[in-house]
Amino acid sequence: MVLTSYSAFVATLCTLAGQGANAAITLDLGDDNSIKRAASTIAYDLMSEYTGNRTGDTPGNLPDPYYWWECGAMFGTMINYWYYTGDTTYNEVTMQAMLHQIGPDKDYMPENQTKTLGNDDQSFWGMAALTAAETNFEAPPEGYPGWLALAQAVFNEQTARWDEENCGGGLRWQKFSFNVGYNYKNTISNGCFFNIAARLALYTGNQTYADWAVKIYNWTTSINMLDAEYKVYDGAHTPDCAGMDKMRWTYNAGIFMMGAAAMYNFTDGEEIWKTRINGLLDSSESFYNNGVLFEGCELGTCNVDQQSFKAYFTREMAATAELAPFSHDVIMTKISVSAMAAVKTCTAGTTGNKCGLKWTTGVNDAILGVGESMSALEIVQSNLVDKAPGWVSARKGTGNSAGDVNAGLNGDAELESLYTQPATTGDKAGAGILTALILIGVVGGTTVMVI
């Protein structure tokens, strides 16, 4: 079968797939209202997992077993939900959570999390704030920093943590030396840093951010964290980063792809960034089984963090399609196939609509939770990217999120004086992507490496 366009492909897919008729959630990709209804149903189940808006609970926190960073990631998804669908149902609770967790220095380092906080943890909240600026989400009320300023605070603090004495550059996973993982330079921390720098360049037009994006990208390639075949690995240990952990995750590829797309757009289509986007797209083919997205750990056992990784990869793919239009048809074809597969798993839970982890099976696998709902929501709502208003920016004169180029410049110095003792066991239960498991050779029960 030869299809002449993405639109023709979608029409054919809907016919062949029976419009998702075998799922509790029906999905017709040729009907925007059907996509919005499906997204709304999944969003309801996702937000039913959130307890931070209940009396006595803390806004911006998820209950156990979820870590603090994933709540920031979830609200990034909910900002996207509003952006794609126009549904404001969850905007108030999103605003509340996003502002409650900014911390005393307004940098997404709240006191109840900071002692165990990794660079990647802080970045997921910072990227959510940046998404709010880019999509023109409602501005914070008077007395709070703008979304742009919050993202700038994260960026400024992380530039001060750039460590050239070990491995010639890069961010460590953990901020404090007394935490496990301080001697590990993980890809997601550096990928988030690259992503934020590139997007700040695109939003503000400030060349300094672009220069940092180039610097970060070049460093990752210099140590083969991102290799010549555009395979993105997990990270390496200091002092020389000689032994790269070659586990591959979808979100690591996605975080660099989206950052490269932002740089492609910022540079008005420089060929080098187009080549990199295509390379990352090609290398990501190993994340698909018969056209359906999967995480490598699904061949074994995924831990709670890993169950959410497809959400970020999908989010980043959709943004790439928007920012780098030459990639649109390839990306949207992949998203549409996986969306149809994902909704077939949405048959469980008390609502009968909760989605499972493994989209490749065609049935619900009884693995349910925030990561599963978030991933399904992103893969469904991303089909509306062509109908979304488009990102705004100060550079184009369309964005007006309040910024502060000096945000966060004093935050780390103040924290160093506060935290001079190791974290307690209780502290360590509070936050952190579980790269520590990788450091001791156990990846949530995963025994299969995607290569």
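## A buried pair near the end of the numbering

Cys355 is buried, at a relative accessible area of 1% (buried means under 20%, exposed over 50% and partly exposed in between, with a 1.4 Å probe and protein chains only). Its partner is Cys346, joined to Cys355 by a disulfide with an S to S distance of 2.0 Å (a disulfide being a pair of cysteine sulfur atoms within 2.5 Å). Cys346 is buried too, with 0% relative accessible area. The link is right-handed, with 100° about the S-S bond.

This is a predicted model, where local features need pLDDT of at least 70, side-chain atom pairs count only at pLDDT 80 or more, and totals for chains, interfaces and linings use all residues. Residues are numbered from 1 along each chain as its sequence is written, and side-chain values use heavy atoms, leaving out hydrogens and water.

## The other disulfides

Cys297 and Cys302 form one of them, with sulfur atoms 2.0 Å apart, and both residues are buried.

Cys167 and Cys241 form another, their sulfur atoms 2.1 Å apart. Cys167 sits in the loop between α6 and β1 and Cys241 in the loop between β2 and α9, so the pair ties together parts that are 74 residues apart in sequence (helices are DSSP runs of H or I with at least four residues, strands runs of E with at least two, numbered from the N terminus).
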